[in-house]
Every structure is written in C-alpha cells, then in structure tokens.
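Subject: Structure handover

Hello,

The structure we discussed is below, sequence included. My notes on what was found in it follow.

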Amino acid sequence: MSDDERYSRQTLIPGWDQDKLTKSTIVLVGIGAIGSYVATILVSSGIGKLIIIDFDTIEISNLNRQLLFRDKDVGKSKSQIAAENLKPLNPKCEIEFIHEKMEDVSSAIYEEADVIIACLDTFIGRRWINSMAVRVKAPLVMGGMFAFLGNVQVIKPYETACFECQPLVPDEELAQACTPFGEERKKERQDELEKEPPLPAVATLSSIIAGFMSQEALKLILGIGNTLDNYMFYDGLSNATTILELVKSEECPTCGELYKLEQIEFVVNPEETVKDLILRLVLTYGLAKPDIMIQGKMLSPEKEIKDVITKSKAIAFIIDKNLAKPIKVVLQITN
Ligand SMILES: [Zn+2]
C-alpha cells in the first residue's frame, strides 16, 4: 500500500502537508492513559518519529484506560510495550522508547523534538518539562485530567505564557498523581506516595483530552489553524470548555526577560548550617532536594555557613531535579 493511499483522507484537508508530518519528530513524555491515545493518533497520522519517555511499569489498574497495554503486560515497562504495540499501526513510523526518568534523559533528545508532548500527572513533573521545553525552545503541549475534568495547555517558549508565567493551581493540589505508580516508580517516588493518593480516571476523558492535545501538536507541525496558546479547561459532565487567556510574564523565572535569579540576593546567617539554607531554598523555589555548589564544590549539609563562605558575598549554583538547569543566586552573608 502506498503512503498516498494510507493518508489519502487527511490530505484532502486544505493546508495539510503530509511531507511536513513525515519529517517531524515528537517527544512524548508519559505514556499512561492520555499518552496512549496521543501516541496512537500521531503514529496513525504518519509522524516521522516518536520518542517515548517513561520509566514506569504497567499495573492492572492501568488497563481501564491505557489502551496500549494488556493483562499479560503487567509488571513490564510501559514505554517498551507501548513502542512494540504501536509499531504495527504504522510500520513507516520510527518509534523509540526510553525507559528512564525524564530528568535523566539527555537534553539532546529534547532538542530533537519539533513538539514535546507531556502527559504527566504531577505538578513537579510539569514544572520540569516546562523548564526543559523553554531551554530547548520546543513547543510544548501539556494535558491532564481528574475524573471527568481535563485541561490542555500549549506553550510556545518566549512567545506565549509558560507554565511558570502564571501558575494556576497551588503546588499541593497539582502535585498529586492520578495513576497508581508501577513498582519501579514506587521505589523512586516513595515520599510522594506517602502523601498522594491516586486520583479518579476514566478512558472517555483521557481520549478527549488526548484528541485535543494531538490536534494542537498536528497544527503546530503543519502550521495550520490557530493553536491554543493558553489554557483550556474541559468539564465532561456539562460539555463545557473554558479558555483562560494566560499572560506571558517578563518576570517569569523560567522564560522572563527581566527576572534574573543572579540579581537576587539570598540573605544567609553565618551561624546557620548549609542544611538550613537548603530548607529555605526548597520552600522559596519549590525544589525537591537541592545541592549548593560554590566555586565548583558541593557544600556539605552538615557544615556551618561561616566555614564554607568567608567573604560577605558568594555566587552559588543551585542544582535540583526540579530544575532543567542549575540556577545562579548571590548569597549575602549577614554580620
Ligand atoms: Zn514563563
């Protein structure tokens, strides 16, 4: 069967350029419920290359909505099984899987993307992928769900509001996971699990949100129509869609022009320990477990500030899994 025949119905659409699609690469982070539908749609539509990143394993409770998995796949890698099951849908599409945490994947992979699609169930994960998309200047399509409620956001770095420009929901609420973690992820995210119960999820909502997200990705690649460029909220019980106009902030710590972390002086008491300072950084910047580096050396948490900083000011780099790149701050030592 020729490609012309395979794609003959979609190429009837004015402005559709199958060649553009066939040359495109999409990086899909998170292959759970929404991710399974997104991947199915995009592979069938004939994107050139799909790179799936997920390090979770399949659970029996995933099967009500994660359509790429079967009973026999329980306990196996989500990204690997998804790649195997997607291949027969369109043998021409190149499909790669990376069974690793997204934070551990080389930025070169993200740089390959024409569009990054994130189907993540934690606020921390969304912050991280937003930061990476801004860093590699790749358009980002993000979506999430809670029972019959869903949301979609499209971010064009430095052009439209990013995830940090105008945070919509408090950290505590968005930090919850909607999918019970597979065995591997349970080990990694033990702390999160203790405070985050699984949230309700249904296949209809997953497929609707995935449809919206895939459509945005196609429009971004094909350059047709108007992309969302802001935040859409969908209520499946009343069939209501609400679009919130997000404003790009010049003071955004991720994409703003005016906000430079190195201009911020972080006041530090010489008598306090590095551990105390780390705790304040966690609370101020929403970090997970930051390390502080000064002049190429990591500070030991047990040390007192006066033992590691002898001058009145010091430039420090903060490294954390919630940040795609280290941030630079000025530590100002009080007398
Ligand atoms: Zn921003």
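The largest nonpolar core of this predicted model has 70 residues. Leu 28, Ile 52, Ile 116 and Ile 117 are the residues with the most contacts inside that core. Helix 10 (residues 203-222) gives the most to the core, contributing 10 residues. A separate core of 16 residues lies apart from it, and its members include Leu 277, Leu 281, Leu 299 and Ile 309.

Around Ile 116

Leaving out residues up to four places away in sequence, Ile 116 touches Val 27, Val 29, Tyr 110, Ile 129, Ala 133, Ala 138 and Leu 140. Ile 116 belongs to strand 4 (residues 115-118), where Ile 116 and Ala 118 point one way and Val 115 and Ile 117 the other, with all of them buried.

Strand 4 has parallel pairings with two strands. With strand 1 (residues 25-29) there are four bridges in the parallel sense, and Val 29 has Ala 118 as its bridge partner in strand 4. With strand 5 (residues 140-146) there are three bridges, also parallel; here Ile 116 is partnered by Leu 140. Strand 4, helix 6 (residues 123-136) and strand 5 together make a right-handed β-α-β unit.

Strand 8 (residues 240-244) is hardly covered: among its five residues, the count of buried ones is zero.

Five strands form an open sheet of mixed pairing, in the order 9-13-12-10-11. Its edges are strand 9 (265-268) and strand 11, each of which pairs on one side only. Inside the sheet, strand 12 (residues 313-319) and strand 13 (residues 327-333) run antiparallel and are joined by six bridges. Lys 313, for instance, has Gln 332 of strand 13 as its bridge partner.

Helix 11 (residues 274-285) has 12 residues and reaches 16 Å from its first C-alpha to its last, close to the 16 Å expected. Its buried residues are Val 274, Leu 277 and Leu 281. They cover an arc of only 60 degrees around the axis, so they sit on the same side of helix 11. Strand 9, strand 10, helix 12 (305-308) and strand 12 are among the elements that cover these buried residues. Two of them, Leu 277 and Leu 281, are also members of the 16-residue core. After helix 11 comes Gly 286, with a positive phi near 65 degrees.

Backbone points to check against your own view

Most residues other than glycine have a negative phi. Tyr 158 has a positive phi of about 65 degrees although it is not a glycine. Tyr 158 lies in the loop between strand 6 (149-155) and helix 7 (171-174). Is Tyr 158 buried or exposed? Tyr 158 counts as exposed, because 12 C-beta neighbours lie inside 10 Å and the cut-off for exposed is 12 or fewer.

Gln 295, also not a glycine, has a positive phi near 50 degrees. Gln 295 is found in the loop between strand 10 (291-294) and strand 11 (297-298), and it is exposed, with 9 other C-beta atoms within 10 Å.

Regards

Terms used. Residues are numbered from 1 along each chain as its sequence is written. This is a predicted model: local features need pLDDT of at least 70, side-chain atom pairs count only at pLDDT 80 or more; totals for chains, interfaces and linings use all residues. A residue is buried if 20 or more other C-beta atoms lie within 10 Å of its own, exposed if 12 or fewer, and partly exposed in between; C-beta atoms are placed from the backbone. Two strands pair if DSSP finds at least two bridges between them. The expected span of a helix is 1.5 Å times one less than its number of residues. The arc is that of the directions from the helix axis to the C-beta atoms. Two residues are in contact if their C-beta atoms, placed from the backbone, lie within 7 Å. A nonpolar core is a set of buried Ala, Val, Leu, Ile, Met, Phe, Trp, Tyr and Cys residues joined through C-beta atoms within 7 Å. A crossover is right-handed if, with the strands pointing away from the viewer, the path from the first strand over the helix to the second runs clockwise.
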